[in-house]
Amino acid sequence: MRLISQIMQERKRGDKPVAYIRTYGCQQNVADSERIKGMLEIAGFEFSETVDDADFILFNTCAIREHAEDRVFGNVGALKSLKRKHPQIVIALCGCMMEQEHIANKMYKSFPFVSLVFGTHSLHRFPQLLYHTLADGKRVYERDNDDKKVYEGIPVKRDGTFKGWLSIMYGCNNFCTYCIVPYVRGRERSREKSLILDEARQMISAGYKDITLLGQNVNSYGKTLADKPTFAQLLHEIDSIDGDYWLRFMTSHPKDCSKELIDTIANGTHISKHLHLPFQSGSDRILKAMNRHYDRKKYLDIVNYAKEKIDGVSLTSDIIVGFPGETYEDFKETLSLIREVEFTSLFTFIYSPRVGTPAAKMDDPIPAEEKSKWFRELLDVQEEIAAKRCASMVNNTEKVLIESETGKNGELNGRTSGNIIVELKGDKSLIGTFQNVKITQARNWILKGELV
Ligand code: 5AD
Ligand code: SF4
């Protein structure tokens with residue numbers, strides 16, 4: 001049997017077979033792409049930043065909103081001429097869109113130049129699927145596999161050398177009525193704690209300074225495991241590993257956010273003082289229709305406990321504007337909640353109906369222009385709050401992880417423990433190190449500072 005590497009040696013255009021992976025959507029997709037790159041690296045591939053010189057092109061797709069899907073359709077369509085010019089290149093699609101039958105079928109039919117299509121549950125089978133595509137010369141289409149298992153031991157090639165993702169669980173059981181994730185990523189399942197701890201140790205000794213634990217709802221970590229460890233226990237055990245690093249996590253669901261977790265953050269050594277706690281809507285009526293299992297009061301109780309216990313906590317959230325049946329009165333409840341909490345930053349979305357979810361069948365009488373008006377109002381209010389929040393940090397000295405050059409001569413970007421961007425002057429040799437930075441100025445949601 002020939003190996004993928006041998007077949008690709010014959011199909012390559014340059015010295016070595018080159019792969020190009022484009023990732024749409026959330027950090028879970030980024031983490032999946034890093035696993036795919038790990039598998040391709042073992043098969044002898046190099047990686048490129050553009051499609052032009054690639055022998056293998058893979059788009060890892062996102063289904064969360066219509067806009068994300070439209071971009072994928074447009075960008076895959078644009079590959080047609082490249083394939084015509086270089087018929088030996090292999091084009092593949094994977095990710096959340098491919099777990100939706102109607103979408104995967106449509107893509108498979110509309111884009112005959114795509115050779116391989118597979119969904120999120122088939123990630124561990126990628127080498128076999130690619131092998132079949134290459135060896136048999138046939139189109140391969142696989143979706144909707146078993147979603148109950150956790151597959152371990154898949155190699156990884158991380159994009160960053162000092163910031164990295166660490167998946168602790170997969171899937172979601174919450175079925176928020178607007179959300180497609182439980183349908184495309186399957187039921188919730190956790191990785192064994194010992195394996196997560198091993199991977200965290202490896203990342204820390206490899207020099208990772210900023211590690212984010214990933215899951216759709218990290219607060220329910222452990223429920224599928226025999227000894228039922230809690231997320232707070234896992235976080236505490238990772239935090240006990242020696243080293244100079246920050247530990248973050250996302251995403252937390254307010255319904256499961258325990259005081260034990262907040263105490264663990266407050267007492268932690270490496271855990272960043274940042275809590276990303278999506279509330280989605282400030283209106284109890286809408287939260288109920290969204291199937292979120294908490295109300296405004298419960299959300300504010302957790303936030304107030306976090307503010308009391310975690311000195312200088314930075315709070316961020318996701319918000320949906322224009323859920324079916326939402327009125328301007330409901331929306332005003334969202335505005336009042338963001339004023340009350342004073343978030344550092346927000347991820348804001350206009351509701352996008354997803355086929356197969358309960359919300360997609362609900363009456364949605366508010367016109368799109370009206371929703372856009374509310375959305376802009378939300379952004380204006382948040383800008384004011386973020387500016388105030390950032391201004392309150394002027395003259396503080398903050399520990400900052402230096403991440404990149406800004407593009408302006410001699411300027412660097414970094415991030416605080418609370419995940420706020422800081423711009424400062426400094427040499428690029430500082431990238432990937434922690435520095436103490438005196439905050440000198442606040443500009444909306446960005447800080448300016450000087451090395452101490
Ligand atoms: N429309 C708009 N936003 C959505 N989100 C999830 N589903 C939808 C949808 N159908 C948002 C939620 C979630 C974030 C990842 O994406 O705010 O927290
Ligand atoms: Fe979607 Fe809700 Fe699960 Fe988050 S918790 S992934 S919003 S269903």
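Predicted model: local features only at pLDDT ≥ 70, side-chain atom pairs only at ≥ 80, totals over all residues.
1. Local features here need pLDDT of at least 70 and side-chain atom pairs count only at pLDDT 80 or more, while totals for chains, interfaces and linings use all residues. Residues are numbered from 1 along each chain as its sequence is written, and side-chain values use heavy atoms, with hydrogens and water left out.

2. Helix 13 (residues 328-341) and helix 14 (residues 368-391) pack at about 15°, their axes lying 10 Å apart; helices are DSSP runs of H or I with at least four residues, and strands are runs of E with at least two, numbered from the N terminus. Axes are lines fitted to C-alpha atoms, for helices over the stretch in contact, and angles run from 0 to 180 degrees between N-to-C directions. The two helices are therefore roughly parallel (angles under 35 degrees).

3. In the contact (heavy atoms within 4.5 Å), residues of helix 13 including Phe331, Leu335 and Ile338 meet residues of helix 14, among them Trp374, Leu378 and Val381.

4. An open sheet of three strands has the order 7-10-11 with parallel pairing, where two strands pair if DSSP finds at least two bridges between them. Strand 7 (163-167) and strand 11 (246-250) form the edges, and five bridges join strand 10 (residues 210-214) to strand 11.

5. Helix 2 (residues 27-42) lies across strands 7, 10 and 11, at about 95° to strand 7, whereas helix 8 (residues 193-205) touches strand 7 and strand 10, its direction making about 170° with that of strand 7.

Notes:
Chains lettered and ligands numbered in written order. Parallel < 35°, antiparallel > 145°, perpendicular 65-115°, else oblique.
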